[in-house]
Each structure stands twice: as structure tokens, then as C-alpha cells.
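Reader: I'd like a close look at one residue. Start with what surrounds that residue, then widen the view to the chains.

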Amino acid sequence: MSADEVRQAGLELGRNDLLTHEQAGSAIFGFWVFLMSDAVIFALLFATYGVMLPATVGGPTPADEYKLVPTLIETVLLLTSSFTFGLASVAMKHGASRRQLLGWLGVTLILGIGFLGMELHDFMIMFSDGAVPSRSGYLSSFFALVPLHGLHVFFGSVWIVVMMVQVLTFGLDARVKVNLQRLGLFWHFLDVVWIAIFSVVYLQGMIQ
Amino acid sequence: MIRQSDRKRSEIRTYVTGYVLALLLSAAAFAAVRWQHATPTSAFAVVLALALAQMVVHFRYFLHISLQRSARDDLQLVLFSAVIAGLMVAGTLVILFDLKARMS
Amino acid sequence: MTDGILPAVLGRFEWQSLPFVRAWEHPNASEIVGAGAGAVVIIGAILVAALITRLGKWRYLWSEWFTSVDHKKIGIMYIVLAFVMLSRALIEGVLMRMQQATAVNSPGFIAPDHFAQLFSTHGTIMIFFMAMPFLTGLINYVMPLQIGSRDVAFPVLNSVSLWLTAAAAALVMASLVVGRFSTGGWSGYPPYTELAFSPGVGTDYWIWAVTLGSVGSTLTGINFAVTIYKMRCAGMRLMRMPLFVWTALCTSILMIFAMPPLTVATALLALDRYLDFHFFTNDLGGNMMNYANLFWLFGHPEVYILILPAFGVFSEVVSTFSSKQLYGYTSLVIATAVITVLSFTVWVHHFFTMGQAADINAAFGIATMAIGVPTGVKIYDWIWTMFLGRVRFTVPMLFSLAFMMTFVLGGFTGILLAFPPLDYLAHNTLFLVAHFHNMLIPGLLYGMLAGYHYWFPKAFGFRLDEKWGRISFGCWVLGFYLAFMPLYVLGASGMARRTQAVFEPSFRPWLYVAGIGALLLAGALASLFVQLWVSVRDRKANRVFAGDPWDGRGLEWSISAPPPEYNFAVLPQVNSRHPFHDGKRQDDPYAPPRAYEDITLPRNSMTGPAIGILAAAAAFGLVWHMWWLAIIGALAISAVVIARSFARDVEHTISADEVQRTEQRWLRAAANAAPIPRELEMTSANQGLAEVSA
């Protein structure tokens, strides 16, 4: 990537930054490659879910367990968090005050934790219905796929906290900028996975 | 300096557009299931089509993947990954459902 | 209280987990072999540690090697690991051949359970801890030099990958001393590997070793792909990259996309075993066929991960030792890319007999045969490269020639197996074992050894001994044919693979021949070590400090041997496919640049070794159900990663003066060296300066 291209991708490095634009370009491209490798993991878990969907073995079925409204709320939470992260990126890029950047990151973090809380609540209800992973192949595949996304959101949330601390410690040096950029890719990527989850898992399960 | 704030505004507009489109597409998918009129197969097809559209929106407005030269590397990477993942998922489903059909 | 504490601390460890205790309680040949192997690991480790302590080299090893993020040192460490693991897995292969040769209508000397561990570790090690580290090491060392770069894109990540691989290998070694290894083969098929049938620690060792290794390889793939994509020197367009770099790129792409299916397969199996999930169990809706599917979604591309870099090595070697440019460069690049993509479309041929419809099998059979086409293109290109060339039969060239002939043979049997109806007859027999050894020994091992001989002078500054190289080569080739050709016959006669005892007397002569072959292969490895010893002893006579012992064509030959830490004093600018070959003929490649500049390089980091040690500890904890260890290990890894992201003082600078001193020393040596013609390159006259002919 040339300097201009990096800027296009949402990164504005100062003149006297440690990293060159070339290094920043590699760093971000490398993270893209990592995400794609991760996407293959999700793709295979989706395929496994599809294969095991009929294997309910007399236990709870998708129609029994999935609820429309909580899923919708979770979707809105996650979509909104992506939007607020976008605003954080804009704040970082255009030199807004540190408080504004931290504010948007904080809002994103709260939305992410809200999503996790709701998802955990869903799982608790499923567990109390006897819909546990050891009950059937179908539930095993559900609990491998959906919580893995949740785990990603959890790691993303920890990462947001780490980055907030780094912004406070180092200000916006080149590495903080690059890592915020990567975190943004990660966060938006989780949305894409979530789209597949609510469509293929939840909505499909609720279609009559 | 004016250019700078212009760019900032246009970038915010990009995120707003993406957010609104994403919300609309999600809402449409949920609505298609909540007030389902079609057969299960076509309802699922609608949901999948909406999901695909929403993924494109996310890649375009949030992940800044576009047809522009600057994002060409990333676009090629995403498309190649999609092909490989599609191959793996489709192959898995075909093979294992075929096995299931032949064994029941 | 003690009842509760001890199991919580030690998990499911008990005294019988130690092979020595088992051998004491049941002193039969099989247990004694097991205890002996465990003792070799322990004594070997103690001896190495004692030697290092005696030489006072701990600090040096730690600060110069283990924490190094220099791609060259990481590459060398990978290859050392590969040789250690090769030694173990080869001995296991020999043991299996000995067992079968002595077990015709008799029990032999190795018990069935022990035999099953042998073929499981042999396969697992050869693929994940011999082949993968070897090719990763070679690419690590050579690729940045060939593209004119000072390092890979993510040097610390590179070190993390190395140490994850080493941790995984250590786990396999630990299984010799504590507990036992899996008996489920290198592919670990459930339901056999499920808790119901394999309740012990063996399968868990396999799961976590393979998982750590595959995570390491995924990260390596990302690192290499980004390096090749983003860090080529000025003028190095894609179609100017040396073929080895092309194969490295394609292998990296395969690693990025083919390792995840393996991670998923082993992770789901682990969920089954640890948390009572039902992915592959017999009951409650489990579907073990999905495991075969996931495993081979990885397994087939893996074959090309292994073979493509060797193709790259052969391309370099054949061209150099024929003094000709590579014939059909473009077709080789296209063939490599086609193989990369096709390798994702053939995985079903590993389980034709699973029961899917004949038309699915037919489609995958055709796709499988189609891969033969680009591979054939490559063979022809190499043959045409030699045609009318000035061919010199050096050790790497000998390996290349042996590869071409042997690999084609294996390819033929592969085409046979690609017919589903024929595969129904031959599957699970020694015919298959013969086939894949016939692909991987020439297609991987010969390639790696050719690369090792070819680039060794670059890495260490002196040539390897030719005589012992030839002895080793002879043993590798003869040993291979003797060991594996009989297996085709045995397999075609119906002898199943992984058989501990044989009940057909007519198999005996073939098993004897195969046994002799296996011993010859052990001799081949021993000669390699002798060669290394002799070469180190005679290193003064064989120095090639000037850096160009073979009249090389690529950038890696344009610098001193061994190269300085920063590789290139001034980043090169290229305008052809053979920058150094053309450079030598256009003007003086040993002319000093106008000025030297400060060079900034990444500073050494403890991140890699720390993560490796913690990962090994966490995995060990998981294997033995020592949950405290697993949790502490996992948390500590997160802590290390986060701590690393706070590190800011991560670079060091080599001053222009120092660069100048280093470079001048080399340039003086090059000026004093006598240029030699090609016929003298295998003699001590070779000081690394090539006589340039038009």
C-alpha cells in the first residue's frame, strides 16, 4: 500500500511516527489475512451446524429454543456498537480530542458487554430447558458455533480496554493507531459473522 | 483545514449510511420470519439473500472494501477466501447429506 | 484432605504413567523398548543441558538464539528441530519394519498397543514436526533473502510460531516419558479416539500437539504471505520472483486456509472428550464422518503444503547446476497456482469408501487426476532446463534427479488410486502406505535435503562434505526403493496397513527386504550426521565467505556467507528474474555502494519463548487434567500478549560505521578470493567466488 492508500483505509500517520506507511500497510493487510483464516473456522462450524441440525435425537429443537425478540435486540446492540466504533475511528483519524475517542470506545465497550450479557442470559435459559451441549449433536454444534462468536466479542472487549489504557498511556502513537485500526477490523468482522449467525442459525430455526 | 473537516463529514456519512442500511436489512430479515407468508424454503432463501446483502453493506461501509484500486488487495483476498470457504461449506453439506440420504 | 489435593494437583497422573515403572512391573521386550525410549529422551536432555552448562553457553543461546527474531536464526532453529524429530520418527519407522519382519506367525517383540503408538507418532511427527518445521525453516531462511528484504513482515510473530511448534514437538516427546501417545494413527479418526474407546492421555497428547502445531503454522502462513506480498525489494515484480518464492507464497496461502479445518477438527474432538459434546460419538446424533471430512479438508492441501516448497527447491537447484535459466518459468508459476487451487477440490479421495454416491466419488476422482497435469508440466520443465545445460552432479542435483524419477513412479500409483473402484480394493492396505511414502520421501524429504545441501554454505559459510553427502544420498535412494517397493506388492496382495502381526508366510521375504531398506534409511540419516560432523571439522578448508559457491542466480547469493544480521547493506533494486546472474555479467557486483546508512532492525524478544513454554505447560495441564496448570498457562499467555503490546522500545540500530566495517571485511575477502570455474566448485578451491562466463 502506498501512503495514500493507507490514508484511504482510515489511517492517518503523522510525519514523525515510528512506523513507516509501508509497515502500517503490512500490519493491516496481515490482520486481514488473519481474519480470513478465522472466517474459514467459522465457515466450517456453520457447515457442521448445517450437517448436525437434524440430529436433535428427541431433545430440544431449534424452534423450541430460539426467541425472536432477544435475537433482534442482540443484533441491534451489535450493529450499533459497530457504528460507534466507526465514530471512534473517525475521531482517531481526524485528531478529535482524546476524550471523544475514549468516549466512543467506551460506548462500544458497553454495547459489546450488553450483547454478551444478553447472549449469556439466552444460554442460561436454554440450559434450564435441558438444552445443553451434551444432549444432542445439534446442540453440540450450536454451542460450538454461537459461543465462539461470543468468545470473540469477549476478546474484542478486552482488547478495547487494553487500547483505552494504551491511548491514555502513549497517546496516539503509530502503534496505537495501527492497533486501533486492527481492532476496528476485528469488531466489524464480528458483525459480519453475527449476520450469518442470526440468519442461518436463529432465523432459519424459527421459520415454520 | 476545510478539506479536512469535509472529509471527516463524508466519512461520518459513510458510517451512518452503513448503519441505516444494516438496520433496515436486519429488520427486513426478522420481519420475513416474524410475519412469514412464504414456504419455509423461500422464506429461508429470502433470509439468506438479505444476509448476503447486509454482508456486502458491512464490507463496503464499515470495512471499507470497495472496487477502488486502493482496496484491491483486500478485495481480492476477501473474494478468494469466500471462494475457498464456499467450496468447503458446499462440499461438506453435499457429501454429508448424500451420506445421510444413503444411510437412512 | 490429601485425597482431594493430590488429584487436583496431579490430575490423572499415577506411577504407572511412567514407562520405567511399567517396564519394572512387566519386564517384556515391548515395555523395555518403551522405557528405553523414555530414558533416551531424559538422558539426551540431561546430556545436552550438561554440555551447554559446561561450555557456559546458556546466556549465549538465550540471547543470541532463543529470543532472536532474525528470520535466519529462526529458520536454522526450525531445521534443527526438524532433524531431531526426523531422527526419532525414522527410528520408529525402522522399529515397525523390524516388528513386521519378525512377526510372521509369531508375536514379534512389540506389543499391539505399543505398535499402534509407533505408527501414530511416526506419522504425526513426520508430517507436523519434521516436514512442516523443515520447510518452514527453509522458507524462513531463504525467502527474505531472495526477495531482497531484511526480515519477514512480523518478526516477533515468527518467533512465536517457532516456539509454538517447538512446544508441540516437546509435548510429543513428553509422551515418551510421561504417559503414552495416541494409538489412533496420525489422522486420529473417531469414534476410536473418543473417550469411550480411548480413555487415556494418548489421544489428548495428540490433540494438543497437533492443535498447537497447526496454530503455529497458520501464523507462519500469514507471516510469509504478507512478507512476499508487501516486502519485495524495488523492481521485484511478482513475475520476477524466484520460483522458490512462488512456491513459498502458494504454500503460505494453503497454510492460511487449510490449517483452520484441522484446528476445527481437533477442537471439536477435544470438546467431545473434555466437555461431553457429541460431534463424532456413536450416540446422541454424533457424526464421525464429518470428522473425516474436516480432517481431509486440511489433509489434502497439507500434501501440497509439503510438496510445493520442495518443487521450489528443485527449480532453483536444477537451474543453478545446469547453468541455465529455468525453462518455462511462466508455466511453472501457473502450474504452482493451479495446484494450489485444485488441492482444495480433491479431499474426498481420502475416503472414497465412506459410502457417498458414486457420482460424488467420480467427480473427486477426476479432479484428483487433473492435478497430475500441472505436476507433469513441472517435471517436463525441469527436464528441459537440464537439456543442453552444463549439468554438474552435486549432492542437491542428485537428489533432484532421484526425485524426478521416483516421484513420477509415485504419481502413477496415485493415478491408480484416484479411480474409486480401484481404491475400494487398495484402501487401507500397504499399497497406500507405499504410495504416500513414494510421494513424500522424494517430494518432500529429497527436496528438503537438496535445499539443505544447496543453501547450507550460505547459512554457515562453508560447504558440506561431498563424499558423505553422496553416501547419504545413495542410502536414501536405495533404502527408499528397498523399503517401499515391496509394500506395493504386499498391499496389492491384500496386507492391511498398521498390522502388528502377520499370518501369511508368503509375505515374509517382502517384509525382510522392506526391513533391510528401513535399516539403510537409518544409515542414510546417520551418514547425514557424520557428514555434518566431518564438514564442521573441515570447515576451514571449505570456506565460501565470498558467498557465491554455485554461481547462483538470485539475490541470496549476492551477499556474504553467512549473511550479516541486516542481510543487505543497501536494499537491492532488481530489473530481471536473475538479478545476481545478470549483475555479475553487467558490472562488478562486489563494488562498494556510495554510502552506508544506519539500519534499524527489530530487537530480540522474549515473547516467543515465553508463549511457547506457557503453551506447552497449558497443553500438558489439559492432557493430564491438571486444570490449575491449564488455566494459569492460558491466562499467562494472554498476559504476555498484552504486555508485548505495551512494549515500545522494540528496535535497535546498527550504525553506518559498523555496517561499513562488516561490508568491507567481506568485500576484501571477495577481492582476495580466486574465481573458480564450475568444474572446481566441489573442491576446496571454491572460496565462494564464481568465475563469470558469458
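Author: Leave aside residues up to four places away in sequence, and C:Val692 touches C:Lys584 and C:Arg585. Keep in mind that this is a predicted model. C:Val692 sits in the segment after helix H21 (656–672) of chain C. Is C:Val692 buried or exposed? Count the other C-beta atoms within 10 Å of C:Val692: there are 12. A residue with 12 or fewer counts as exposed, so C:Val692 is exposed. C:Pro677 is 15 residues from C:Val692 along the chain, and their C-alpha atoms are 8.0 Å apart.

Now widen the view to chain C.

Helix H10 of chain C covers residues 288–320, and helix H11 of chain C covers residues 329–342. Their axes come within 11 Å and cross at roughly 175°. Angles over 145 degrees count as roughly antiparallel, so H10(C) and H11(C) are roughly antiparallel. Which residues make the contact? H10(C) brings C:Tyr304, C:Leu308, C:Phe311 and C:Ser315. H11(C) answers with C:Leu332, C:Thr336, C:Ile339 and C:Thr340. By class, this contact has five nonpolar residues, three polar ones and no charged ones.

Chain C has a neighbour in chain B. Here 15 residues of chain C are in contact with ten residues of chain B. The chain B side of that contact has seven nonpolar residues, two charged and one polar.

Turn to chain B itself. Its secondary structure is three helices and zero strands. Along the sequence the pattern reads α-α-α. How spread out is chain B? The globule rule gives 13 Å for 104 residues, but the radius of gyration is 19 Å, well over that value, so chain B is more spread out than a compact globule. The box filled by its C-alpha atoms is roughly 70 × 35 × 10 Å along the principal axes. Of its 104 residues, 33% count as buried. Take the contacts in chain B between residues at least 6 apart in sequence: 44% of them join residues at least 24 apart. The domain assignment gives domain 1 (1–64) and domain 2 (67–104) for chain B. The C-alpha centres of these two domains are 22 Å apart.

Definitions and conventions:
Residues are numbered from 1 along each chain as its sequence is written. Chains are lettered from A and ligands numbered from 1 in the order in which they are written. This is a predicted model: local features need pLDDT of at least 70, side-chain atom pairs count only at pLDDT 80 or more; totals for chains, interfaces and linings use all residues. Two residues are in contact if their C-beta atoms, placed from the backbone, lie within 7 Å. Ala, Val, Leu, Ile, Met, Phe, Trp, Tyr, Cys and Pro count as nonpolar, Asp, Glu, Lys and Arg as charged, and the others, Gly among them, as polar. Helices (H or I, at least four residues) and strands (E, at least two) are DSSP runs, numbered from the N terminus. The radius of gyration is taken over C-alpha atoms; the globule rule is 2.2 Å times the number of residues to the power 0.38. A residue is buried if 20 or more other C-beta atoms lie within 10 Å of its own, exposed if 12 or fewer, and partly exposed in between; C-beta atoms are placed from the backbone. Axes are lines fitted to C-alpha atoms, for helices over the stretch in contact, and angles run from 0 to 180 degrees between N-to-C directions. Angles under 35 degrees count as roughly parallel, over 145 as roughly antiparallel, 65 to 115 as roughly perpendicular and the rest as oblique. Domain bounds come from an automatic or database domain assignment.
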